Amino acid sequence: MKAVSNNFYYFGICQFCKGNSSCLQRCSSCKTVAYCSKDHQKLDWHNHREICKVITFSIVNNEEFTNHSFKEWTDHRLNIQQKWMSLLKRPLEPYESQMWMFPRVCNFCYTKTNLSDCALCYNAAYCSNEHQEIDQIHHKKYCNALKLCMNIDCYL
């Protein structure tokens, strides 16, 4: 099986084969990428190793960023991008940029804990039913488009 892992990133699908599964396992170090099997995680390790170390370093040295405005959240993400490039000593690959631009965080408060993913698009996550209900009207506008974009990326 040919790896497509370096083409693009979505937090709700397997980083190696781009399949979706209800039993994805996240990388135990960075918790950013997910795999549908241990075999896919092992097969992708040579692609993931370098960025995993950088993400893990960033996580260990940063506190959780929650309950801020979208502007503050965006500025925080841009700072992380600069830090990752500095640590890697190279520009980010497109899929690596997508990891910092579209991380798996609550769509409402940006927390990273107790998340459940949208079962329709795999591109939104929520830390509680309350936050999912609050964001439901907003997410409903984009859910089908997000799923379509992901399906097109997978197809291409």
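Helices are DSSP runs (H or I, at least four residues), and strands are runs of E of at least two, numbered from the N terminus.

The model is predicted, so local features need pLDDT of at least 70, side-chain atom pairs count only at 80 or more, and totals for chains, interfaces and linings use all residues. Residues are numbered from 1 along each chain as its sequence is written, and side-chain values use heavy atoms, without hydrogens or water.

Now select the buried residues of H2 (under 20% relative accessible area): Trp 73, His 76, Arg 77, Ile 80, Gln 81, Trp 84 and Leu 88. They lie on the same side of H2, because they cover an arc of only 150 degrees around the axis. The arc is taken from the directions from helix axis to C-beta atoms.

Step just past H2 to Lys 89. Its phi is positive, about 60 degrees.

Next, go to helix H4, residues 129–155, and pick Tyr 155. Tyr 155 counts as exposed because its relative accessibility is 74%.

Last stop: Ser 21, in the segment before strand S1 (25–26). At 22% relative accessibility, Ser 21 counts as partly exposed, a class between the 20% and 50% limits. Which distance separates Ser 21 and Ala 119 in space, C-alpha to C-alpha? It is 10.0 Å, though they are 98 residues apart in sequence.

Methods: Buried < 20%, exposed > 50% of the residue type's maximum accessible area, 1.4 Å probe, protein only.
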